[in-house]
Protein chains: 2
Amino acid sequence: MKLIASARMQAVPSSDNALRLEDFLPYRLSVLANLVSGSLARVYARRFDLTVPEWRVLAVLGRYPGISAGEVAERAAMDKVTVSRAVARLIARGRLRRGTDAEDRRRSALRMTAEGRTVYQRIVPLARAYEAELLADFSAAERTSLDRLIHRLTGEAARLREPKAPAQAADD
Amino acid sequence: MKLIASARMQAVPSSDNALRLEDFLPYRLSVLANLVSGSLARVYARRFDLTVPEWRVLAVLGRYPGISAGEVAERAAMDKVTVSRAVARLIARGRLRRGTDAEDRRRSALRMTAEGRTVYQRIVPLARAYEAELLADFSAAERTSLDRLIHRLTGEAARLREPKAPAQAADD
DNA sequence: GGAAATTAGTTTCATATGAAACTAATTGCA
DNA sequence: TGCAATTAGTTTCATATGAAACTAATTTCC
């Protein structure tokens, strides 16, 4: 691969008006998350013919068997359309079955089949191993620190997403 | 919005075989990055009619005017197809112009137009303000810590993606 | 009871994505 | 030189995404 920072290319001095993308937190988080998701997906995607949304549905149902599609969507922070499609595909492959909630027949009650559980139980150790490798060089204190920083950032980002008070009339 | 953890729903005890998605680092990073990207994009997407890839192209060209599309892709960690399309759209809207590299006529030499620069210079302060809000509650020590943790994680994830790539000092 | 409003989930539609095939220009090397 | 291999960038194609419209079941409220 070619190196990109050759001597002839000179960067604009990062003054007030030039932003260093490589130092910009939203960009860095995006790159990191994509790298991690991508490399983790390599572990299971082909081997188990599973997409990321499908894996997430299984992961949630592994902890909360019998919940509805909407609850899966909330737990996994996924769109309901994405969940609907992942569930449909998992059912088509015999990895999930859909019961109907006795009290509310609009709701589904999703459970893994024996086959789905097998897949799930084979992936979980791989996922844990991946995470362990990712954090192999981090001390306990660093892990705690990382945990708290992510937690706080997530809270902040959620807060910033919801506009607080409409300061101006909506023009957009 | 409805609460999801009602009394009747009991989680499988998080033993060896059930993975807690909400504690799983790849999942948490993905949720965080999506939240941040989404809330930041709200700041500029509609107001400037700009997609995330387009904003990134501008951000890179703001620092490295005159580089080629391929160099933009490397700098922004974007796919070359995505860059190609973002560049085409930016040119169509008069925000970029494409010169040809004198030495290698396959290469483009991308530069913002005055109009592009105006957009860029209006977004940069907004982007900085967003980042500042996100980090408002973080001390200098915490920011340093966050910076280093992200840096190391990114390096680890890159290493895990390429199983046998030699350790390389990428400056990002 | 029953019409209107609400909710769970699916389908449609328009757009975004990236791998692979492709075009055009350049470089390697006989 | 000239032709094969390489490289920059675009287009094609197959798939992924999510907003909005839709269907079906339920709840609200008169």
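Around DNA strand C sit 20 residues, with A:Gly70, A:Ser84, A:Ser108, B:Thr82 and B:Arg85 coming nearest (a residue counts as near if one of its heavy atoms lies within 4 Å of the strand). This is a predicted model, so local features need pLDDT of at least 70 and side-chain atom pairs pLDDT 80 or more, while totals for chains, interfaces and linings use all residues. Residues are numbered from 1 along each chain as its sequence is written, chains are lettered from A and ligands numbered from 1 in the order written, and side-chain values rest on heavy atoms, with hydrogens and water left out.

On the base side, a polar side-chain atom of A:Arg106 lies 2.8 Å from a base oxygen, and one of B:Arg85 lies 2.6 Å from a base nitrogen. B:Thr82 instead places a polar side-chain atom 2.8 Å from a phosphate oxygen.

As for the two protein chains, 81 residues of chain B are in contact with 83 of chain A (heavy atoms within 4.5 Å). Six salt bridges cross this interface (a side-chain nitrogen of Lys or Arg within 4 Å of a carboxyl oxygen of Asp or Glu). A:Arg152 forms a salt bridge with B:Glu142, the closest N and O atoms being 2.9 Å apart.

Conventions: A polar contact is a pair of N or O atoms within 3.5 Å; within protein, one must be able to donate a hydrogen and the other to accept it, and residues adjacent in sequence count only if both atoms are side-chain atoms.
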